[in-house]
Every structure is written in structure tokens, then in C-alpha cells.
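Here are some notes to read beside the coordinates.

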Amino acid sequence: MPKTWGDAQQYCREHYTDLVTVWSEEVMLQLTRPSTFTGNAWIGLFDDPASWKGVMGNDSNSWRWSATGNTSTSQYQNWAAAEPTYTTGSEECVRMSAGRWVDFSCATAHSFVCFTGLPEPGFKNYTFVLTKMSWDDAQSYCRELHTDLAMIEDETENAAMASIVGLSIAWIGLYREPWRWSDGSDTNFTNWMPDQPNNLQTIQHCVTEADDHGWNDLDCSMMYPFHCHRAVDGKIQIMSMKLQSEADLSQPDLWSQLPEKIKEELLRMGISDLKVRWKNPPKGGAKGASGAEAPLKIRRKNEREEEEREKNKTSYRQDREGKVRKKERKKEE
Ligand SMILES: [Ca+2]
Ligand SMILES: [Ca+2]
């Protein structure tokens with residue numbers, strides 16, 4: 001049933017654990033869908049504007065100062081009208097013009113301001129560097145010759161900065177790392193489609209995967225099907241089962257089919273990456289048994305998946321194969 005991203009998140013939290021976190025290519029390939037469905041499906045990745053739009057928050061996708069790696073204690077901000085925008089899905093760094101802050105693509109070459117001193121209000125000397133550099137290069141330059149890229153913690157400091165920059169445009173030390181997972185997972189794995197995320201019309205803050213697993217940021221209020229995942233505890237579970245059937249339980253075929261039937265049932269419950277088999281396969285069936293007992297071993301397919309599982313504590317509803325495309329995202333140091 002298609003839902004908005006927020007409703008999908010709520011549904012997954014009620015019925016499973018959360019919207020799915022795609023830790024790795026392996027996990028990605030476990031995401032499956034009905035063969036008739038080729039459209040978009042929500043995953044757990046989002047870039048909540050409430051964490052960064054006009055807010056100096058503490059979420060993993062909030063703004064941070066280069067000098068501390070955190071938001072300022074004063075939470076001072078001075079954005080230009082309608083900023084920040086995260087336009088084109090690439091504006092992760094902040095520049096100052098006419099005293100106001102604007103998020104902009106970090107690769108752009110601008111003059112910049114370094115500071116020397118302490119990351120506390122009133123303990124900074126600003127130095128304007130006219131040479132134009134990318135935000136990253138400007139950061140390296142400032143760290144080598146000063147303390148760091150300019151940090152601004154109150155009105156007085158912002159006024160001092162504004163008078164130094166004058167009519168120019170200059171990088172300041174504010175940046176952020178967009179996107180986070182609904183369940184708070186931390187992974188660098190991404191699989192954006194080419195030219196995504198693009199934050200089209202600056203309203204795309206939630207992520208879908210397409211039929212080929214490629215990711216696209218879209219408007220969170222759109223209605224799409226979605227992938228949930230369920231946390232699973234423990235590694236191997238052994239169950240004893242009592243069987244009652246009108247069928248002839250002495251038939252070995254029947255016994256060999258049972259694990260498959262149980263697996264299908266677990267699939268319906270949203271658990272898919274499990275191996276189900278008899279611990280001690282009944283030899284030649286259970287003679288004349290109506291109500292026979294045999295230990296049933298349920299375990300995962302292999303060691304590697306076991307590790308992945310431990311890391312993820314998740315399970316997925318379906319399997320499918322798909323083409324893999326990777327796009328490396330620039331990481332802040
Ligand atoms: Ca902007
Ligand atoms: Ca998009």
C-alpha cells in the first residue's frame with residue numbers, strides 16, 4: 001500500500017522495526033519486490049529539513065563548525081532570506097555575502113576567512129584570504145596557517161566578519177553532511193542514481209530506490225510502497241514441533257518439504273534471510289507418527305551473512321537481483 005515517507009516510517013515502526021537501512025551492496029540486493037512492480041519504493045534515508053533549515057541542531061545532518069565538528073553552543077545563525085536551500089543536492093558548505101549566510105556547492109572557488117584563536121565567543125582574530133579556493137582547500141589552508149576556517153558565534157563576531165568581507169563573497173567554516181537513516185544507523189554505503197540527489201525544486205528530502213536499486217531523492221509527501229526491516233536477535237534458534245496431519249507422515253518427501261513451508265511462513269512474517277532445516281533429519285520419515293517431534297534448526301545461510309546480520313540486526317522481506325551502481329560522495333574529513 002503506497003504511503004508518504006512519514007506514514008511509511010510510522011507503519012514500519014509499528015509492524016516491523018523501521019524503514020530499511022541499506023548497509024551494503026549485499027543488503028541492497030536482498031531488497032526485493034513483486035515482479036509486476038517496477039516503480040519507486042521508500043527506503044529509510046532522509047535529510048530532515050527540521051535538522052538544518054534555519055536551525056543549528058545536533059542531528060547528524062545538522063550544520064557544524066569546522067573548528068569543533070559541532071554546532072556552536074550559542075546556536076547563533078544569520079542566514080540570508082530563504083537560505084539554506086541545499087539546491088541541486090550539493091550545497092553542503094556555507095559562504096558569507098553582505099553579512100548573511102548562504103549554503104553553496106563546496107567545490108566552488110571563493111575567497112575565505114580564517115580565524116586564529118579559540119572556538120569561544122570573543123576570542124577570534126579573523127584573516128581575509130583573497131585567493132579563491134574550494135571549501136576543502138580553504139579549510140586546509142586555514143588549518144595550516146591559522147586555527148581554522150572562520151567560526152561565528154554571535155552578532156559581534158558576525159559584524160566583524162561582515163566588515164572584513166565587505167562586498168566580496170567568502171567561505172566560512174560551516175558545513176554539514178546531509179542524509180541520515182531513519183533507525184539512526186551509520187554507514188557510508190550509497191547507491192545514488194546518476195545526478196542524484198538533486199533536491200529538485202528544493203523539496204526532495206526522502207529517498208526511494210528504483211527497480212534497479214538506484215537511489216533518488218523525492219518529495220516526502222509522495223505516495224510509494226516501501227521497504228521495512230525487522231531486528232532479529234540470536235543466531236540459531238532450535239524449535240521442537242508437534243505435527244498433526246491427515247497426510248502420511250512416514251513419507252520422507254513430506255518431511256523434506258516442511259522446512260520450505262516454514263520458511264514461506266516466516267517470509268510472510270517479514271523474515272527472509274534464514275535457512276530452515278532439520279537438526280536431525282528424520283530417517284525415512286517418522287513411522288506412523290501423528291504428533292512426531294523432531295528438532296528443527298533454523299539458521300542463516302552462511303557466515304558472511306551472519307556477520308552482516310550481527311551488524312545490521314535486520315532482516316528483509318524479499319530477495320531479488322539487480323544491477324549495482326555506485327556513486328562516491330565527498331566526505332568531510
Ligand atoms: Ca543555497
Ligand atoms: Ca531527485
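1. Start with Pro-84, which sits in the loop between β3 and β4. The model is predicted. The peptide bond joining Glu-83 and Pro-84 is cis, with omega about -5 degrees.

2. A cis bond also runs from Gln-196 to Pro-197, omega being near 0 degrees. Pro-197 lies in the loop between β10 (180–181) and β11 (206–209).

3. Check two phi values. Gln-75 is a non-glycine residue with a positive phi, near 60 degrees. It belongs to the loop between β3 and β4. Gln-75 counts as exposed because it has 12 C-beta neighbours inside 10 Å.

4. His-213, likewise not a glycine, has a positive phi near 80 degrees. Its place is the loop between β11 and β12 (215–218). Is His-213 buried or exposed? It counts as buried, with 20 C-beta neighbours inside 10 Å.

5. The largest nonpolar core has 30 residues; Val-113, Leu-149, Ala-150, Trp-171 and Ile-172 touch the most other members. Elements that each supply at least two of its residues include β4 (93–97), β6 (110–117), α3 (135–145) and β9 (169–176). The largest share, 5 residues, comes from β9.

6. A second, separate core holds 24 residues, among them Ala-8, Leu-19, Trp-179 and Cys-206.

7. Look next at α3. Trp-135, Ala-138, Gln-139 and Cys-142 are buried there. Seen down the helix axis, the buried residues of α3 fall within an arc of 105 degrees, so they line one face. The face turned away from that buried side carries exposed Glu-144 and Leu-145. Cover for the buried residues of α3 includes β4, β6, β7 (124–133), β8 (148–149) and β9.

Note on methods
Residues numbered from 1 in each chain as written. Chains lettered and ligands numbered in written order. Predicted model: local features only at pLDDT ≥ 70, side-chain atom pairs only at ≥ 80, totals over all residues. Core = buried A, V, L, I, M, F, W, Y, C linked by C-beta atoms within 7 Å. Helix = DSSP H or I, 4+ residues; strand = E, 2+ residues; numbered from the N terminus. Arc of directions from axis to C-beta. Contact = placed C-beta atoms within 7 Å.
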